[in-house]
Amino acid sequence: MVKPLGALAALNEVKMKYIATVRDQEFTIDIDTDGRIQINGEPYEVDYRRLPSGGVTSLLMNHRSLAAVVEERINHWEVLIEGELYSVQVQDERAYRLSRLRLSGLGVDGEASVSSPMPGIIVAVRVSEGQAVRQGDKVIILESMKMENELRAPCDGIVTHIHVSAGANVDKDQVLIVISQDHETQGEE
Amino acid sequence: MHREDGLLVQRFDKLLIANRGEIAMRILRAAHELGIRTVAVYSDADRNSPHVRFADEAYHIGPPPARESYLVIEKIIDVARRAGAGAIHPGYGFLAEREAFAQACVDAGIVFVGPPARAIAVMGDKLMARSTVLAADVPVVPGTEPGLSDADMAAAAIKMGFPVLVKAAAGGGGKGMRPVHRAEDLTGAFESARREAKAAFGDDTVYIEKMITESRHIEIQLLADAHGNTIYLGERECSLQRRHQKLIEEAPSFVVDPDLRRRMGEVAVAAARAVDYVNAGTIEFLVDRDKNFYFLEMNTRVQVEHPVTELVTGVDIVQEQLRIARGRRLRLRQEDVQIKGWAIECRINAEDPYNNYLPSTGTITSVQLPNGPGVRIDTGVFEGNEISPYYDSMISKLICYGETRAEAVLRMRRALEEYRIMGVKTNIPFHQQMLQRHRFMSGQFDTKFVEERFSMDERGAPYALEAALLATLAAHTQTQEAAQLVAPGARDTSNWKWLSRWERLRR
């Protein structure tokens, strides 16, 4: 028996899938149109209220009662339960996939970039705009802390932008090269 | 009445509190209970602080840095004059142990709620304090005079037995201090301690002290009136500290029996009499494994941890301070003081126990304090309060009472769970974990326990799933609400009206 989530049930929205990350643990949370909730595929009977006073949230989870304070911060949520503060990152399915792509070097719209991992000087650019590259190809040589570092293409694609040339000083996280994965789109432009 | 030593005690009806935060609140409450009108002072950072609202009058004394506000003697005296305050209570910290401030009050004809200036001066000087209490037969940690030759110090070290500490005479904060475990290491320790002392203090005089290992920090609370009556209110166990900052205090102590309490109490009274002490004060002792105790220093003020003593003796120490300053005699004789039950205090600090106790600054976004039987909380913070880098990181003191130590501990665990504060990180998880440790429960700890044998258990995240769910529900609700707010004209009522209807629907 799953009790509908009163407040949420009133809004006829589509089923949503979220991924919440807490201290390196990931939870997949599904909220369906009737407010039914599944965590990692398991159904839970959930009733929650944000009380008008003091920002307290009351959670009844399979009749277990917990009080918490939940507050939004810039990139995460803070949840305080029984003295312990949890920092939670909440992403819907799409945002989660995109952030995964970004972590693997792939961008929002089929674009990937090569960024400088540390401040340094560009020794050589080994590609030119419009050139096709394979994942793992050396694209940039960066000198930093008296060491030469090879920066490689994160995916197959076409080099669409080169923002630096040999001899340039670059900062940490500066975008050096953009690679488009999508050959079709590239062709139409 | 002016005493021979210059101390002024007389009746007053208006009190200036030269402090801020929880101790200002504590003193304000005591004064109001005695029918004394109150004057607060505040810096730019404290205009919104509760002590300003709780006082009958409040005066601005300057910018946030303490040296430009709470530490400026002339400004405080000037406010006292303008407000017509007959007395000043310094609290702890800031000007509380400045001889010049106590003297400035007396010179202005204002009662200083504390001891005579001379007692502050003597007890504030390590070597003077040591020789003064030694003359009153108070045991001190065995050691040499400063400035002896290396050969004389080595001979003294061998006589008192190893380990010993080589210490800088001008020292403090561990600088110029060297533990020595063997006679052959003495010469090297003299050299390096002198080098460090010279660099830090410009004075390379060193001396030797016996090193007391596995020691506890136990202190005796005293009250002395201006008529020569001095009593002790039992002990406080303050061994749980980190970098000389106390974190948890309790009364009584696990290791003090009635006989030891009486002996320590009588020695503490003798130490106070040696400086003609008046008002509330504390003698700190080091207690070794064999229950030998040694005078460390005297704190010539009310202490942060005074509430644990209040709870087990029933004495309101701050009210007594005010009565003593008004020239009244102590109402209690020594035989009237009884220790009943057990009290524990946890200092709640804005610091991150998971990240090397790094201070945490920010704005308090919500606070709900614990409550219920046996719980006392002394605090000066509020929602919207900015925890700034200008003042110390203590947010509040949580004090719990029980008939037994176990009951007090269980109550403290419960209260820590109830304590909700957001916006800064606090050391509440440290207290929760400490109160679960076997060593804490069995009372087996010394002053090095927190630093050397305690570390936070980082795996403890019992509510990770619930936290994930709550944050997700909050995010989901927010998205849904935003989706329902539409452009003006697209709905027949305003978004505000619609939102409030929706809010009603949710209840």
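A: In this predicted model, B:Glu209 has a relative accessibility of 11%, and because buried means under 20%, B:Glu209 counts as buried. The residue sits in strand 8 of chain B, which covers residues 206–210. Its side chain is joined to that of B:Lys167 by a polar contact of 3.1 Å. Leaving aside residues up to four places away in sequence, B:Glu209 touches B:Arg130, B:Val141, B:Pro142, B:Gly143, B:Met160, B:Val164, B:Leu165 and B:Lys167.

Domain 1 is given as 2–113, domain 2 as 142–210, domain 3 as 216–453 and domain 4 as 469–506. Between the centres of domain 3 and domain 4 of chain B, taken over C-alpha atoms, there are 49 Å.

Some backbone details of chain B come next. Most peptide bonds are trans, and most residues other than glycine have a negative phi. The peptide bond from B:Phe162 to B:Pro163 is cis, with omega near 0 degrees. B:Pro163 belongs to the loop between helix 7 (150–160) and strand 6 (164–168) of chain B. Another cis peptide bond links B:Ala251 to B:Pro252, with omega about -5 degrees. Here the loop that holds B:Pro252 runs between strand 11 (245–251) and helix 9 (258–273) of chain B.

Phi also takes positive values in places. B:Phe94, a residue other than glycine, has a positive phi near 40 degrees. B:Phe94 is in the loop between strand 4 (87–89) and helix 4 (99–107) of chain B, and with a relative accessible area of 23% it is partly exposed. In chain A, A:Asp24 is not a glycine either, yet its phi is positive, about 70 degrees. A:Asp24 lies in the loop between strand 1 (16–22) and strand 2 (25–31) of chain A, and its relative accessibility of 80% makes it exposed.

Helix 10 of chain B spans residues 306–313; seven of its eight residues are buried, so the helix is largely enclosed by the rest of the structure. The buried residues are B:His306, B:Pro307, B:Val308, B:Thr309, B:Glu310, B:Val312 and B:Thr313. After helix 10 of chain B comes B:Gly314, with a positive phi near 80 degrees.

The last topic is where the two chains meet. In chain B, 42 residues are in contact with 48 residues of chain A. About 4000 Å² is buried between chain B and chain A, and carbon and sulfur atoms give 67% of this area. On the chain B side, B:Met422, B:Tyr463 and B:Leu470 lose the most area to chain A, together 17% of what that side buries.

One salt bridge is counted between chain B and chain A. A:Arg64 and B:Glu466 form a salt bridge, with their closest N and O atoms 2.4 Å apart. The count of residue pairs in polar contact between chain B and chain A, both at pLDDT 80 or more, is 10. Several elements of chain B each supply at least two residues of the side that touches chain A, among them strand 18 (366–368), helix 12 (405–418) and helix 17 (495–506). The largest share of that side, 18 residues, comes from helix 16 of chain B. By type, the residues of the side of chain B that touches chain A divide into 22 nonpolar, 13 polar and seven charged.

How values were computed: Residues numbered from 1 in each chain as written. Chains lettered and ligands numbered in written order. Heavy atoms only, no water. Contact = heavy atoms within 4.5 Å. Buried area = accessible area lost by both parts, 1.4 Å probe. Salt bridge = Lys/Arg side-chain N within 4 Å of Asp/Glu carboxyl O. Polar contact = N/O pair within 3.5 Å; in protein donor to acceptor, adjacent residues only side chain to side chain. Helix = DSSP H or I, 4+ residues; strand = E, 2+ residues; numbered from the N terminus. Nonpolar A, V, L, I, M, F, W, Y, C, P; charged D, E, K, R; others polar. Domains from an automatic or database assignment. Buried < 20%, exposed > 50% of the residue type's maximum accessible area, 1.4 Å probe, protein only.
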